[in-house]
Amino acid sequence: MSEEDIFRLLGLAYSSPSASDLSEGVSDMSLSTSPGSDGPQHLLNTRVVSNGHADHGTEGGSSGSGGGSESAPKPRRKTIARQLSSNPYLTSASSIEDHMSLTPASSFAFGENAPYEDPKIPMRASSFPVAGEVLENYSYQQHQLNQIRNLSHIEQPGELNQYYTNVVNGNNTLPRGINSWGHFSKSCHNRYKYRRSDYSSDSEEDALSPNPSQLPHKLSAGFSGQAPHTCLSDLQHVTTVINRKKSAMDIKKDHNHYSEGVRPSVFKERFAMMKRWFSECSHEQKNIVLKGLLSVCDLPQLHLLSVRMETNLHRGCPPNCQDFLTWLPTPLAAKIMTYLDPVSLCQAAQVCKHWQQLAEEPSLWRRFCCQAKWRLSKAAEHKQVISHMSAEGSIQWKQVFAERFRLRNNWLAGRCTVRTFEGHTQGISCVQFDDNRIVSGSSDKTIKVWNIRTNAQWSVQTLVGHSGTVRCLHLEGNRLVSGSSDKTIKVWDLSTQDSWSSIACKVTMIGHRDTVRCLQVDDDKVISGSYDMTLKIWDLRTGQCRKTLVGHQAPVLCVYFNDTKIVSGSGDKTIKLWNYEGTCTRTLAGHQDAVTCLQFDSTRIVSGSLDCTLKFWDIHTGDCINTIDWKVAEGHTGVVRCLQADSWRVVSAADDKTLKVWSLETGERLVTLRNHSDGVTCLQYNDFIIVSGSYDKTVKLWDFSCC
């Protein structure tokens with residue numbers, strides 16, 4: 001119930017002054033009839049009756065409803081100030097000129113609710129209880145004060161009016177039961193209002209005042225016969241409620257408020273009571289109490305708890321009481337481990353021995369190795385598994401995965417060691433490698449073979465036979481196929497032994513009318529592209545031309561094939577798809593210049609061009625699905641000379657002296673590699689290394705497995 005509701009029910013005019021102003025006004029009104037007042041003596045014998053009329057008793061006679069007797073002088077009002085104390089009946093009066101006075105409209109006491117019923121009866125400024133009755137009924141006033149203290153429980157105005165009516169009629173019972181056990185109660189507007197109780201008091205006098213319920217029966221019975229004049233204590237209590245409510249709100253807003261606490265005697269009593277009450281609670285109730293206390297603790301209390309409870313935490317608990325995996329059956333704990341990623345699994349292995357045993361289960365790491373993200377090529381996987389097989393035949397899957405994890409992260413971060421091979425006298429035009437050697441072709445018309453397992457930068461072998469620039473190479477085992485600007489294709493045998501070498505040109509294929517720019521080989525055939533704008537299919541063993549594919553309007557610069565189709569790129573800015581009958585099935589147009597390199601899989605084609613872009617094409621529809629350029633996607637700033645793709649990445653090289661690694665799915669640039677001093681013309685890579693050649697006459701090996 002708000003202050004406005006209280007003042008409205010009391011008949012007082014409500015405004016928004018501060019609580020201190022209200023307190024001064026109430027003091028003026030209540031003290032005008034105190035024993036220290038200097039008003040006319042006949043007013044001391046005036047008492048208020050239930051109908052709101054003033055009765056002058058036996059000496060003064062009775063007055064009418066309109067006023068007092070003619071012989072009686074009119075009451076003289078004088079503003080009286082009072083030194084407040086804990087005893088509301090001890091006053092010291094003094095005249096104050098500028099003290100605030102209340103208007104006559106609000107100068108009637110509690111219980112004078114007759115003006116609400118009969119507006120014809122004027123409100124009397126002097127209708128207050130006489131001082132003699134106030135002093136005589138001290139005990140009764142204390143009883144009424146205890147009743148008024150519980151008024152904050154009355155939520156409805158109708159209930160408060162009923163209470164005042166009962167008081168006037170001599171019935172001192174409340175409209176409903178009041179349980180006064182706490183200091184605060186929650187109002188309907190979610191605001192706390194102060195509630196007086198037996199456990200709180202403002203002074204020793206209040207604390208020692210008698211409780212009517214504890215007085216003798218005869219004394220309690222005598223209260224009903226006294227006049228129920230409680231205006232003085234009622235108004236003082238209303239003022240106290242308002243002041244305390246305002247103070248509580250101010251303290252709540254002030255976060256830096258410092259409290260001195262309660263008196264030691266009160267604290268000792270309350271603390272003993274709290275301990276007794278807490279010991280009677282159940283475990284669940286104690287937990288609720290502790291949670292509530294922790295929510296209101298400040299830093300000093302939390303620090304004390306951490307210091308005092310350090311030795312008592314988990315007292316009486318079984319070992320590893322918080323380790324849920326230890327208490328679960330092993331199959332269930334192992335199942336939980338399957339939901340962890342590799343990094344989290346390694347972190348879990350460092351918790352304790354039991355977690356380490358669960359985290360090192362080989363089946364967990366084998367499952368990671370089988371995920372597409374961590375797969376290698378078939379040859380690389382077979383070689384890796386063999387290298388991590390124990391003497392008993394078991395595979396150390398955790399070590400296998402650790403190697404793949406480190407390898408992939410090295411690729412993504414660009415961590416690698418670079419080895420440089422020098423020996424050519426002109427720019428490198430093509431490179432190939434296997435597990436033991438690197439083969440490079442150059443504009444100096446030679447082919448050089450390098451030992452990949454040694455740190456020697458000089459070539460082991462040099463193949464001489466072409467009369468022009470070696471433009472393309474393909475290495476398969478000990479068989480090497482080369483194409484040159486001398487219009488020929490040569491097949492070389494690179495077999496060697498410790499005591500002899502059979503390196504020699506076995507077959508020369510003649511048929512193209514211009515430079516052989518590109519070629520690819522499988523077990524029985526060679527497909528080549530030439531500046532003569534044709535593609536030719538050759539028999540690998542006999543060197544005979546099986547078929548010639550005609551359709552491009554410019555030199556054929558790149559070719560790639562699988563079991564069902566052939567894809568070629570040309571200087572006419574187009575990409576053509578062919579079947580093995582020699583028919584062009586689809587033509588892709590979109591590049592702004594010659595297509596210099598390409599590769600495809602079952603779903604897409606990736607191509608590079610002289611227009612410095614990479615394009616991704618849908619192999620089934622022929623639509624361009626993505627373009628990578630230097631403006632938008634951090635692409636190359638020079639002519640793209642070569643590229644290669646696998647299941648998750650694309651590596652390209654260009655005249656801007658860089659190699660770039662891209663995500664096959666998103667086209668995002670993953671890393672840029674720089675080490676060449678001139679444009680990069682060719683590259684080949686596997687899961688562990690990249691080999692590249694450049695116009696700077698060097699071959700470089702980028703090793704990602706050593707970091």
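**View 1. Residues 588–627 of the predicted model.** Over residues 588–627 the chain is 57% strand and 0% helix. In an unreviewed UniProt entry, residues 588–627 are listed under "repeat: WD". That record gives the name to other stretches as well, including residues 421–460, 463–502 and 509–548.

**View 2. Residues 673–707, also listed in the UniProt entry as "repeat: WD".** Here the chain is 0% helix and 57% strand. The end C-alpha atoms of residues 673–707 are 15 Å apart.

**View 3. The hairpin of strand 12 and strand 13.** Strand 12 covers residues 470–476, and strand 13 covers residues 479–484. The two strands pair in the antiparallel sense, with 6 bridges between them. Within this pairing, Leu473 stands opposite Ser482 in strand 13. The hairpin has 2 residues between the strands, and Gly477 takes a positive phi near 65°. Strand 12 is largely enclosed by the rest of the structure, because 5 of its 7 residues are buried.

View 4. Leaving aside residues up to four places away in sequence, Arg517 touches Arg471, Cys472, Gly529, Ser530, Tyr531, Val556 and Leu557.

Conventions:
Residues are numbered from 1 along each chain as its sequence is written. This is a predicted model: local features need pLDDT of at least 70, side-chain atom pairs count only at pLDDT 80 or more; totals for chains, interfaces and linings use all residues. Side-chain values use heavy atoms; hydrogens and water are left out. Buried means under 20% relative accessible area, exposed over 50%, partly exposed in between (1.4 Å probe, protein chains only). Helices (H or I, at least four residues) and strands (E, at least two) are DSSP runs, numbered from the N terminus. Two strands pair if DSSP finds at least two bridges between them. UniProt positions are given in the numbering used here, feature names are shortened, and annotations may be inferred rather than shown by experiment. Contact means heavy atoms within 4.5 Å.
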